[in-house]
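I open the notebook on a new model today. My plan is to go through it piece by piece and write down what I find.

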Amino acid sequence: MQRAIELAERARGNTSPNPLVGAVIVRDNKVLAEGWHKQAGKAHAEVDAIQNAKADDQTTKDSTIYVSLEPCSHHGKTPPCTQAIIDAGISTVVYATSDTNIDASGGAESLRDAGLEVIGGVCEEQARYVNRFFFHYQEHATPFVIAKFASSLDGRTATRTGNSQWITGSDARKHGHVARQAVDAIIVGAQTAIADQPQLTVRNPDAHRHTHPAHPLRILMDSKGRVPLSNSLFDKSLPGNTVVATTDAMPDDHATKLKEQNIEVIKLPISMQTHYPDITQLLKQLGKRKIQSVLVEGGNTVIGDFLDNELIDEVWAFIAPVLIGGNNAAPSIGGLGFDQLSSAPRLTNVTVEYLNEDILVKGILVKNKSNGVF
Ligand SMILES: NC(=O)c1ccc[n+]([C@@H]2O[C@H](COP(=O)([O-])OP(=O)(O)OC[C@H]3O[C@@H](n4cnc5c(N)ncnc54)[C@H](OP(=O)(O)O)[C@@H]3O)[C@@H](O)[C@H]2O)c1
């Protein structure tokens with residue numbers, strides 16, 4: 001099962017809205033074939049493994065398949081995996097997590113009905129973690145939110161004059177593209193767009209997306225339309241699409257000009273607390289578009305709004321061994337913050353990676369309102 005989960009991870013960024021799934025077919029303690037779901041619309045992991053066994057002249061009769069997600073039993077873009085497993089003569093199915101997608105679930109039951117031995121829940125926690133975007137989306141109908149920032153050792157994301165390029169080294173910045181590669185959308189605030197002129201495309205050659213769209217949807221939070229039309233995010237030659245999330249405060253002629261530049265404008269209600277566009281409503285709208293994951297790239301005001309609303313699910317903090325100092329230098333996360341340490345969310349599943357001189361701390365946020373499901 002560990003191997004099946006490892007295989008699933010290979011397609012990160014290429015399967016949305018489908019989950020990541022890997023499969024290994026075994027008989028007499030020998031691996032006969034492996035497979036994984038490579039892209040939405042392409043063969044599911046079980047079918048890929050069965051096809052690979054066939055291509056290798058291996059018979060799958062009376063074998064065991066280990067698969068990181070319960071096999072589906074429905075006709076989607078591809079036929080049901082349960083039937084392919086039965087047709088391949090496989091006698092035992094071991095899976096990690098149940099499929100919570102209403103259309104695809106029920107596979108274990110139909111395999112048992114067909115007389116196969118079925119064991120579920122093996123390495124379940126690990127497999128749920130791999131598919132945390134998918135499971136979060138199934139449960140909440142809104143995207144899983146990752147907040148990413150680069151900070152100095154003393155927690156600043158820019159100097160007091162707003163200088164922030166570059167805090168971390170090239171390895172860390174390259175790694176930032178791995179996060180972009182994995183998600184369906186990226187969010188930035190108006191001030192970051194103005195200060196940094198970002199492109200928000202996936203540019204690390206190691207972090208290539210094979211899927212359509214090849215670049216995540218770019219979302220600019222700009223309540224009043226103050227980001228000029230000449231901004232890099234509105235450049236017509238950028239691959240993929242850009243959306244501006246705004247309010248009624250954006251002048252009509254600015255909205256019209258954006259639309260003329262093929263930029264979609266989403267008008268959101270204003271949050272009564274912050275007077276910014278309501279990000280809870282934004283996430284609901286993104287959910288309706290089947291966007292399962294978003295990366296909030298800053299700046300600290302936007303990330304602060306997500307934290308204050310308890311909407312961050314995961315953090316990627318790139319920390320550089322540099323001291324910026326200054327009470328007026330922007331912190332990694334702005335907003336209101338928490339009154340008490342006891343209510344401040346702590347990270348779980350924490351990992352630490354060294355990227356040359358910088359470190360990347362990643363973790364999942366445990367939220368009071370969450371029931372602990374990714
Ligand atoms: N080190 C890093 O990782 C990193 C990453 C990104 C940026 N930066 C730096 O951070 C600085 C910019 O950060 P910042 O905090 O000043 O600005 P920001 O977060 O990029 O943008 C804030 C602005 O976005 C608009 N906005 C729209 N909807 C919002 C919402 N729901 N919540 C919050 N803001 C919303 C508001 O302007 P309107 O009211 O006009 O809409 C707000 O003033 C720059 O110096 C940039 O270089 C650093």
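The entries below follow the order in which I looked things up.

**Entry 1: the model.** I note at the start that this is a predicted model.

Entry 2: Five strands make up an open sheet, ordered 2-1-3-4-5, with mixed pairing. I then looked for the edges. They are strand 2 (30-36) and strand 5 (117-119), each of which pairs on one side only. From one strand to the next I get an average twist of 15°.

Strand 3 (residues 64-69) and strand 4 (residues 92-97) run parallel and are joined by five bridges. For Tyr 66, I find Val 94 as the bridge partner in strand 4.

**Entry 3: helices on the sheet.** Which strands does helix 1 (residues 2-9) lie across? I find strand 1 (22-27), strand 2, strand 3 and strand 4, with the helix at about 145° to strand 1. Helix 2 (residues 45-55) lies across strand 1, strand 2 and strand 3. Its angle to strand 2 is about 130°.

Entry 4: Asp 28 sits in the loop between strand 1 and strand 2. I read a phi near 50° there, positive although the residue is not glycine. Is Asp 28 buried or exposed? It is exposed, because 8 other C-beta atoms lie within 10 Å and the exposed class takes 12 or fewer.

**Entry 5: Val 122.** This residue is in the loop between strand 5 and helix 5 (124-130). Beyond neighbours within four places in sequence, I find Val 122 in contact with Met 1, Val 94 and Ala 96. I also took the C-alpha separation from Thr 97, which is 25 residues away along the chain: 7.5 Å. I count 17 other C-beta atoms within 10 Å of Val 122, so it is partly exposed. Buried would need 20 or more.

Entry 6: The largest nonpolar core holds 55 residues, and Leu 220, Val 294, Val 296 and Phe 306 have the most contacts inside it. Strand 6 is its main contributor, giving six residues. A second, separate core has 37 residues, including Ala 23, Val 67, Ala 96 and Leu 111.

With residues up to four places away left out, Val 294 touches Pro 143, Val 145, Val 183, Asp 184, Ala 185, Ile 186, Ile 187 and Leu 286.

**Entry 7: helix 6.** Which residues of helix 6 (residues 132-140) are buried? They are Phe 133, Phe 134, Phe 135, His 136 and Tyr 137. Their cover includes helix 5, strand 6, helix 10 (279-288) and strand 11 (293-296). Just past the helix, I see Ala 141 with a positive phi of about 60°.

**Entry 8: strand 9.** I looked at strand 9 (residues 242-246) from both sides. Five of its five residues are buried. Thr 242, Val 244 and Thr 246 are on one side, and Val 243 and Ala 245 are on the other. In a regular strand the side chains alternate between the two faces of the sheet.

Strand 9 pairs in the parallel sense with strand 8 (residues 217-221), over four bridges. Arg 218 has Thr 242 as its bridge partner in strand 9. Strand 9 also pairs parallel with strand 10 (residues 264-267), again over four bridges. There, Val 243 stands opposite Glu 264.

**Entry 9: around the ligand.** I counted 31 residues surrounding the ligand, the closest being Gly 189, Gln 191, Ser 223, Gly 298 and Gly 299. Strand 6 (144-152), strand 7 (185-189), helix 8 (190-196) and helix 11 (300-308) each give two or more residues to this shell. Helix 8 has the largest share, with five. By type I have 13 nonpolar, 12 polar and six charged residues.

**Entry 10: cis peptides.** I find a cis bond between Gly 298 and Gly 299, with omega about 0°. Gly 299 is in the loop between strand 11 and helix 11. Another cis bond joins Gln 165 and Trp 166, also with omega about 0°. Trp 166 is in the loop between strand 6 and helix 7 (170-182).

Key:
Residues are numbered from 1 along each chain as its sequence is written. This is a predicted model: local features need pLDDT of at least 70, side-chain atom pairs count only at pLDDT 80 or more; totals for chains, interfaces and linings use all residues. Two strands pair if DSSP finds at least two bridges between them. Axes are lines fitted to C-alpha atoms, for helices over the stretch in contact, and angles run from 0 to 180 degrees between N-to-C directions. Two residues are in contact if their C-beta atoms, placed from the backbone, lie within 7 Å. A residue is near a molecule or strand if its C-beta atom, placed from the backbone, lies within 6 Å of it. Ala, Val, Leu, Ile, Met, Phe, Trp, Tyr, Cys and Pro count as nonpolar, Asp, Glu, Lys and Arg as charged, and the others, Gly among them, as polar. A nonpolar core is a set of buried Ala, Val, Leu, Ile, Met, Phe, Trp, Tyr and Cys residues joined through C-beta atoms within 7 Å.
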